[in-house]
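Please read it alongside the sequence and the structure.

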Amino acid sequence: MTEGPVFHVEVTAGSLADLKAFTDEMQPDDLGCRPVVRRRGTEFVLDAYLPEAQLDTARGSRPAGGVSLEVVENVTEVGLQRQQEVGEGNRFAARGAVPRGLGRKE
Amino acid sequence: MAYLNVDEIESALENLAAAYPATTELITVPNLTHEGRQTHVLRLGSTNAEHDGVLILGGVHAREWVPPDALISLAADLLEAFDRGTGLTYGDKGFAASEISQVMQSLSILVYPCTNPDGRHFSQTADPQWRKNRSPNGAGCVGVDINRNFDFLWDHSVKFAADSGVSASADPCDRNVYRGPSPASEAETRNVVWLLDGSPRIRWHIDVHSAVPIILHSWGSDQNQTAHTAQNFLNSAFDRVRGLKDDTVYGEYISEDDLDIVTSVTQQMDKAISEVRGVGYGVEQAYGLYPTSGASDDYAFSRSFADSARTKVYGFTIECGRSFQPTWEEAEDVIREVCAGLIAFCLAATEYSTSG
């Protein structure tokens, strides 16, 4: 595992240029599956996964003035908690144990 | 309830195939993973060889735990609803029985819920933020990002501008986006390629990831443009200049017809998702701030341009939910959104059927 916690951070900017200035300078190692930007109203939002030290640096960086950072969750802590929510054994080991989906059949 | 482990995913597929023999086929892919795991694909729906195919992937990235569970739920829902002659409802989004029949009778749907089981097992039992597979890379490092390993502009250091910020790495120790030693070097990648090669009726591909949320359409390599056919991923004259945002030198060519199709399909998906809990995911081109190389959606769409004998496959990605590992209660709602989006995707595919 990485040393220290990693945080899921929403980086929000009023323009793509501001967002790109931030990421160009910070060079986050982890922008999720793809370095894509979603729109929220008139703003642009990028999801980044930053170690604690990089998060502190990001908050103090010059281009951070054009963006806002919001910590969504500590993904390290959340992930370890969620490992307790993984199935044990095999719920479908018996041939007759057929999974059912979450959709309402109606 | 709880997240499915990798053994449960495979057993779920086997049991669905056994319970619905008339409408399924359990397909064994040819390549074992590094840790020796055998994975399966469940084909459901039409057995008519002339009908269009849809390939749905999940679990490419290990830490994204919801997509494999969502695909098992989708397969189970479609099979049960079709068998009983009912519709399906997710939150406030309902699909009529006639729509379920339309999907099941006119499409061959290949559901591959857990493409990267070694990575998922490691994420669920050791390092929850693990993303790649578990192949040793030498130098003591482990793992290739399957979604940078496909043969689409794979050699990013040659194919893209040095300052493009392309999302890929040639460093075997890169924690997240190591592309692998060669295109399709990984068993997991080759299994997907095998499916596309062996099923020429596949015309639609969607790779289910998390967690932005967003729906992505072609291309991921550069901003789309519809005017200059020579500006395309095959043209080596544009090597080392691709991928820059807002430049005038290169944009990835896509025809207006294809752009209309991918835009319409993704908008239909988003509309369905928005009806589940009242909030859509939004639609964007896969090129965002930076380009991506070696991704499955671009590879699927690129195949027919690289070899005209191949069927054109429209490639998409959906990134579901807001967390890689939400609480199971939240995961269930995300699964409902994914299922609604994917059924809308299949219905849209039937609109563009080539089989009459």
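1. In chain A, β2(A) and strand β3 (residues 43–51) pair in the antiparallel sense over four bridges. Strands (E, at least two residues) and helices (H or I, at least four) are DSSP runs numbered from the N terminus, and two strands pair if DSSP finds at least two bridges between them. Arg40(A) has Glu43(A) in β3(A) as its bridge partner.

2. This is a predicted model, in which local features need pLDDT of at least 70 and side-chain atom pairs count only at pLDDT 80 or more, while totals for chains, interfaces and linings use all residues. Residues are numbered from 1 along each chain as its sequence is written, and chains are lettered from A and ligands numbered from 1 in the order in which they are written.

3. The open sheet of four strands in chain A has the order β2-β3-β1-β4, with antiparallel pairing. Its edge strands, β2 (37–40) and β4 (67–74) of chain A, each pair on one side only.

4. Helix α1 (residues 16–26) of chain A lies across β1 (6–13), β2, β3 and β4 of that chain, at about 145° to β1(A). Axes are lines fitted to C-alpha atoms, for helices over the stretch in contact, with angles from 0 to 180 degrees between N-to-C directions.

5. Between the chains, 44 residues of chain A are in contact with 57 residues of chain B (C-beta atoms, placed from the backbone, within 7 Å). The largest share of the chain A side, six residues, comes from α3(A).

6. β5(A) and strand β4 (residues 88–90) of chain B run antiparallel, joined by two bridges. Thr89(B) is the bridge partner of Arg104(A).

Definitions and conventions:
Contact = placed C-beta atoms within 7 Å.
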